[in-house]
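Thanks for asking me to look at this one. Please have the model open beside you while you read my points.

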Amino acid sequence: MKKFKYHQSIGTLILLSGFFSSCDFIAAGSNLMAERYEFEITQDSLIKKITAYNNMNLQDSLFKIGTGNPYFYEGYINDLKNNDIYWVLIPVPSDPPTELLLTSVENSQSGEITPVNSKPKSEKEISDRKIAMENFKKRVLDNIGLRYKHTGNAMNKVY
């Protein structure tokens, strides 16, 4: 009887470790597929810079700690010229370097949303994601006035 319980425990451990190591999304909301950009400034400085880019003052800043996820400031960056809204997350720890995670892009005119924080299901979604990331770099990050490094996503998937 003891031997059976031991083998059952080992089997369960092997099954669970196989599941976790093969799963692209271990936990819902873990943001594994979000594209990450690293800045050598504090999170407060990054939020101030984005708030100024959005033509807002800090009291009106849209960066708030998420209601469902207390580990990130949730907010967006406006690209008014192109009618795009880039939805982003900034992790709560404030020591540099600070990460900014691009989760999706919404066109405010058409309402179309391009998800970035999910595994693409088709070639069109891959193409849309690439375009969204390029536009984000060219239209926003290159114009925000800060140096950044694109570090990819946590799953090391290149799209």
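My notes go from the overall layout to the core, the strands and the pocket.

1. Basis. This is a predicted model, in which local features need pLDDT of at least 70 and side-chain atom pairs count only at pLDDT 80 or more, while totals for chains, interfaces and linings use all residues. Residues are numbered from 1 along each chain as its sequence is written, and side-chain values use heavy atoms, with hydrogens and water left out.

2. Layout. The protein chain has three helices and seven strands, in the order α-β-α-β-β-β-β-β-α-β from the N terminus. Helices (H or I, at least four residues) and strands (E, at least two) are DSSP runs, numbered from the N terminus. Of the 159 residues, 37% are buried, meaning under 20% relative accessible area, with exposed over 50% and partly exposed in between (1.4 Å probe, protein chains only). Taking contact as heavy atoms within 4.5 Å, 55% of the contacts between residues at least 6 apart in sequence join residues at least 24 apart.

3. Helix 2. In helix 2 (residues 43–53), the buried residues are Q43, L46, I47, I50 and T51. Viewed down the helix axis they fall within an arc of 135°, so they line one face of helix 2; the arc is taken from the directions from the axis to the C-beta atoms. These buried residues pack against strand 1 (35–39), strand 3 (72–79), strand 4 (84–91) and strand 5 (98–107). Do look at N55 too: just after helix 2, N55 has a positive phi of about 55°.

4. Core. A nonpolar core here is a set of buried Ala, Val, Leu, Ile, Met, Phe, Trp, Tyr and Cys residues joined through side-chain atoms within 4.5 Å. The largest has 22 residues, and Y37, I50, I77, I90, L100, L102 and F136 have the most contacts inside it. At least two residues each come from strand 1, helix 2, strand 3, strand 4, strand 5 and helix 3 (123–140), and helix 3 supplies the largest share of this core, four residues.

5. Strands. Strand 3 and strand 4 pair in the antiparallel sense over eight bridges, where pairing requires that DSSP finds at least two bridges between two strands. E74 has L89 in strand 4 as its bridge partner. Four residues lie between the strands of this hairpin, in which N83 takes a positive phi near 60°. Strand 4 also runs antiparallel to strand 5, joined by six bridges, and I85 stands opposite E106 in strand 5. Seven of the eight residues of strand 4 are buried.

6. N78. Apart from neighbours within four places in sequence, N78 is in contact with Y53, N54, D84 and I85.

7. The largest pocket holds about 180 Å³ of space. Among its lining residues are D84, Y86, E106, D128 and N135. Strand 4, strand 5 and helix 3 each give two or more residues to this lining, and helix 3 gives the most, with four. A pocket is an open set of points on a 1 Å grid over the protein atoms alone, where a 1.4 Å probe fits, with protein on both sides within 12 Å along at least five of seven lines; lining residues have an atom within 4 Å of a point. Its volume is the space filled by probe spheres set on the points, which are joined across faces, edges and corners.
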